[in-house]
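Please bring up the model and keep the sequence beside it. We will walk through the fold together, one piece at a time.

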Amino acid sequence: MGILLDDVVIIRQSEKEGDPSVITVNCPDKTGLGCDLCRIILFFGTSIVRGDVSTDGKWCYIVFWVIGKPTTRWNLLKKRLMGACPSCSSASGIFYYRSELQPPKPPDVFLLKLCCYDRKGLLHDVTWVLCELELTIKKVKVSTTPDGKVMDLFFVTDTRELLHTKKRQDDTYEQLKDIMGDSMISCDIEMVVPEITACSQASSFLPPAITEDMFRLEMPEGFPSGSLTSNSVSVTVDNSLSPSHTLVQIVCQDHKGLLYDIMRTLKDYNIQISYGRFTTKQRGRCEIDLFIMQADGKKIVDQSKQNALSSRLQMELCQPLRVAIVSRGPDTELLVANPVELSGKGRPLVFHDITLALKMLNICIFSAEIARHVIGDREWEVYRVLLDEGDGLPVPRSKIEEGAWKMLMGWE
């Protein structure tokens, strides 16, 4: 009994542009595996248009139909998906999860200090390079000096775990230099200890009015008109169709990372998916059927637990991210927040999409911060971008808010 390593993840690329490629995953199961796979697929900029999941609690079989881009790095995507799958060794047909026996150590954190001359779209160009290099931005502090220079401080981790080597640092420098040209003044990379990362935390103060309005966890009776939400979300919980599983049926509008948002919510509730099907319909409507059970292997019969799960799923799909334009004294600030998984992982590409939206709107960034805040009983990743209003904003504040929201939701 066994499976070849290359067969754990198989990617069959589409032969015709616009047709979906098929990703098949066949490996030992673990709670939250679907979430981890969907996060990686989201990071690579591919969108899931259909999915099937089945597991017996020990082994799982997952198929995703995804739409890629001409620039999608399929071989690297396969490697990252394989890295997320639990390793196994066969002993009389029993599979042991090595990841559970030996928890991975936290990744090393590096400080990338970048000094350069300012120009429109610069921060997005730098962020794009870091994403292409698989450098994950944990924190950032960007500031502009009166003489038009920019000091960017990026605290990053390296998916490839090679940033401590001179070759990897030189490659990072060269790719940044290629896109920045003569704008670059200096670039330094150094490993930092956790204490320095903690001390570098951005300003922790968030106005109470913002925290109360933006970070509510319950579904309100009705969102205010004009609020940035996805269209109507229907979540139905049914225990009558299976003797051992609870059926959750979801109908909602598609958005970037939709399946990831569902999977991360179930992962945080420690819920196991035994069978699931995800399909997209006309006009961007999605239908999801999930047969689930609790960690103890039983269906969810407690009505209060059903209501809590249903409410949280509705909230996460209506507002997977929170976006607002606020006043910071006399200045204008774009505020974006996304919930952090209980595992500590954040949503991919958020800063990339924020900076791309502002670049497309021809808006310069004066300063930017990324920090994590615990609000209520939940951790949030908060992006605060102070806009450069030297010559006035080229578009109304509402258009900035809407542009960032649509980019983050994949509706641009």
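The paragraphs below go from the overall picture to the sheet, the helices and a few turns.

This is a predicted model, in which local features need pLDDT of at least 70 and side-chain atom pairs count only at pLDDT 80 or more, while totals for chains, interfaces and linings use all residues. Residues are numbered from 1 along each chain as its sequence is written, and side-chain values use heavy atoms, with hydrogens and water left out.

Let's begin with the whole protein. Its secondary structure comes to eleven helices and 18 strands; helices (H or I, at least four residues) and strands (E, at least two) are DSSP runs, numbered from the N terminus. Of the 412 residues, 49% are buried. Here buried means under 20% relative accessible area, exposed means over 50%, and partly exposed is in between, with a 1.4 Å probe and protein chains only. Among the contacts with a separation of 6 or more, 70% join residues 24 or more positions apart, a contact being heavy atoms within 4.5 Å.

Eight strands form it, in the order 10-7-9-8-17-18-16-15, and the pairing is antiparallel; two strands pair if DSSP finds at least two bridges between them. Its edges are strand 10 (184-192) and strand 15 (322-328), each of which pairs on one side only. From one strand to the next, the twist averages 25°. Leu114 has Asp152 in strand 9 as its bridge partner.

Two helices pack on this sheet. Helix 4 (residues 122-132) touches strand 7, strand 8 (135-144), strand 9 and strand 17 (365-375), and its direction makes about 160° with that of strand 8. Angles run from 0 to 180 degrees between N-to-C directions, and axes are lines fitted to C-alpha atoms, for helices over the stretch in contact. Helix 11 (residues 397-409) touches strand 15, strand 16 (331-339) and strand 18 (378-387), and its direction makes about 150° with that of strand 15.

Stay with helix 4 for a moment. How many of its eleven residues are buried? Nine are, which leaves helix 4 mostly covered; among them are Leu122, Val126, Val129 and Leu130. Just after helix 4, Glu134 takes a positive phi of about 60°.

Helix 4 also has a helical partner. It packs with helix 10 at an angle of about 150°, with their axes 9 Å apart. The crossing of helix 4 and helix 10 is left-handed; that is the name used if the near helix is turned anticlockwise from the far one by less than a right angle, with right-handed used if clockwise. Leu123, His124, Asp125, Thr127, Trp128 and Cys131 in helix 4 meet Phe351, His352, Thr355, Leu356 and Lys359 in helix 10. These contact residues divide into five nonpolar, four polar and two charged. In this scheme Ala, Val, Leu, Ile, Met, Phe, Trp, Tyr, Cys and Pro count as nonpolar, Asp, Glu, Lys and Arg as charged, and the others, Gly among them, as polar. Helix 10 (residues 350-360) is mostly covered too, with eight of its eleven residues buried. It is followed by Asn362, whose phi is positive, near 65°.

Next, turn to helix 1 (residues 33-43) and helix 2 (residues 74-84), which pack at an angle of about 160° with their axes 10 Å apart. That angle is why helix 1 is roughly antiparallel to helix 2. Angles over 145 degrees count as roughly antiparallel, under 35 as roughly parallel, 65 to 115 as roughly perpendicular and the rest as oblique. Helix 1 passes helix 2 in a right-handed crossing. Leu33, Asp36, Leu37, Ile40 and Ile41 in helix 1 meet Leu77, Arg80, Leu81 and Ala84 in helix 2. The contact comprises seven nonpolar, no polar and two charged residues.

Finally, visit strand 3 (residues 47-55), which eight bridges join to strand 4 (residues 59-67) in an antiparallel run. Five bridges also join strand 3 to strand 13, again antiparallel. Gly51 has Phe64 in strand 4 as a bridge partner and stands opposite Phe278 in strand 13. In the hairpin of strand 3 and strand 4, Gly57 takes a positive phi near 95°.
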